[in-house]
Amino acid sequence: MTTMHLLKVADIRRETADTVSIAFDVPAHLAATYQFQQGQYLQLEAQLQGEAVRRSYSIFSAPTDGELRVAIKHVPQGRFSSYANTQLAVGDALLVMPPAGSSYRPQTQAAVHHCLGMASGSGITALLPIIKTTLENDERSRFTLVYGNRDRASMLFAERLDALKGVYAERLQLILLFSREANHNGLPSGRLDIATCDALFREWVDVSLLDAAFICGPQAMVETVGGALKDYGLAAERLHFERFAEPQPLREALPS
């Protein structure tokens with residue numbers, strides 16, 4: 001059985017009004033235990049009102065960042081997310097399971113890779129390290145990110161995405177969609193539903209050129225986007241995904 005270890009909180013960063021990111025202090029003797037790959041997650045446990053409450057959160061730092069960090073968005077009536085956003089402090093300790101799971105598949109070096117990421121809301125946390133690592137590791141790779149939010153004010157990690165775009169201007173394409181704010185350049189508005197996917201895959205993303213697609217968001221969105229990509233010809237083995245059912249993620253297979 002995998003053992004959870006008590007790790008101290010090294011840093012808490014307020015990312016948006018309803019989201020914090022938390023970095024852990026990993027002691028030297030546990031460094032190997034907490035090595036991770038992009039696309040993995042951590043299971044955290046806290047004692048809340050005398051009860052052990054456990055939740056899973058995607059690691060959103062990249063392996064080359066030199067830290068172990070997750071982001072936690074506040075969920076209404078979410079016990080753990082409320083605690084993390086309002087009470088957790090630097091120096092506090094949480095039980096942390098070693099990194100697990102993977103929505104990422106290692107690349108081969110035989111071909112130029114064009115990857116697609118599609119996320120809504122806090123789903124971007126799982127994709128950020130995949131985007132960064134893909135572009136860092138293979139100078140021939142390209143990445144297109146389709147990221148849906150209500151509006152710009154609710155968008156997570158806009159500065160980090162801008163920074164990545166600054167470094168990889170020719171290889172990173174950002175397609176930002178808003179459901180409650182006008183989109184520009186002829187992009188479709190609204191949620192990532194069938195109609196939006198159809199417009200994207202007809203005009204903005206050539207699915208036939210994709211080597212892999214990574215999808216992260218609510219369950220209905222993941223199934224809709226995954227189904228649309230299959231309809232446009234993407235093979236099932238090229239799909240990698242993480243779907244969320246609030247207040248914690250459920251990692252399951254897309255229906256075939």
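Predicted model: local features only at pLDDT ≥ 70, side-chain atom pairs only at ≥ 80, totals over all residues.

**A guided reading of the model**

Gln 77 is found in the loop between β5 (68–73) and α1 (79–86). Although Gln 77 is not a glycine, its phi is positive, at about 65°. Gln 77 counts as exposed because its relative accessible area is 76%, and exposed residues are those over 50%.

Gln 49 is placed in the loop between β3 (41–48) and β4 (51–58). Its phi is near 55°, which is again a positive value in a residue other than glycine. With a relative accessibility of 80%, Gln 49 is exposed.

Phe 24 belongs to strand β2 (residues 19–25). Is Phe 24 buried or exposed? Its relative accessible area is 6%, and Phe 24 is therefore buried, since the limit for a buried residue is under 20%. Its contacts beyond four places in sequence include Leu 7, Lys 8, Val 9 and Ala 10, as well as Leu 42, Leu 44, Leu 68 and Val 70. Lys 8 illustrates how the fold brings separate parts of the chain together: Phe 24 and Lys 8 are 16 residues apart in sequence, while their C-alpha atoms are 5.8 Å apart in space.

In soluble globular proteins, nonpolar side chains tend to be buried together. In this model, the largest nonpolar core has 27 residues, and those with the most contacts inside it are Ile 124, Leu 127, Ile 131, Phe 143 and Tyr 147. Two or more residues of this core come from each of β7 (114–120), α2 (124–137), β8 (142–149), α3 (158–167), β9 (172–178) and β10 (212–218). The greatest contribution is that of α2, with 7 residues. Another core, of 24 residues, lies apart from the largest one, and among its members are Ile 22, Ala 46, Val 53 and Leu 68.

Leaving aside residues up to four places away in sequence, Phe 143 touches, among others, His 114, Cys 115, Leu 116, Ile 130, Ile 131, Leu 135, Leu 172 and Phe 214.

Helix α4 (residues 194–203) also has buried residues, namely Thr 196, Cys 197, Ala 199, Leu 200 and Phe 201. What covers them includes β7, β8, β9 and α5 (219–231).

The next subject is the space between the atoms. Rolling a probe the size of a water molecule over the atoms shows where empty space is left. The second largest pocket holds about 280 Å³ of space. Which residues of its lining lie nearest the centre? They are Asp 65, Leu 128, Lys 132, Arg 160 and Leu 164, out of 16 lining residues. The elements α2 and α3 each give two or more residues to this lining. By type, the lining comprises 8 nonpolar, 1 polar and 7 charged residues.

Glu 15 lies in strand β1 (residues 5–16). Besides Arg 160, Glu 15 touches Val 20, Ser 21, Phe 60, Leu 156 and Phe 157, not counting residues up to four places away in sequence.

Definitions and conventions: Residues numbered from 1 in each chain as written. Heavy atoms only, no water. Core = buried A, V, L, I, M, F, W, Y, C linked by side-chain atoms within 4.5 Å. Buried < 20%, exposed > 50% of the residue type's maximum accessible area, 1.4 Å probe, protein only. Helix = DSSP H or I, 4+ residues; strand = E, 2+ residues; numbered from the N terminus. Contact = heavy atoms within 4.5 Å. 1 Å grid on protein atoms, 1.4 Å probe; cavity = no way out; pocket = protein on both sides within 12 Å on 5 of 7 lines; lining within 4 Å. Points joined across faces, edges and corners; volume = space filled by probe spheres on them. Nonpolar A, V, L, I, M, F, W, Y, C, P; charged D, E, K, R; others polar.
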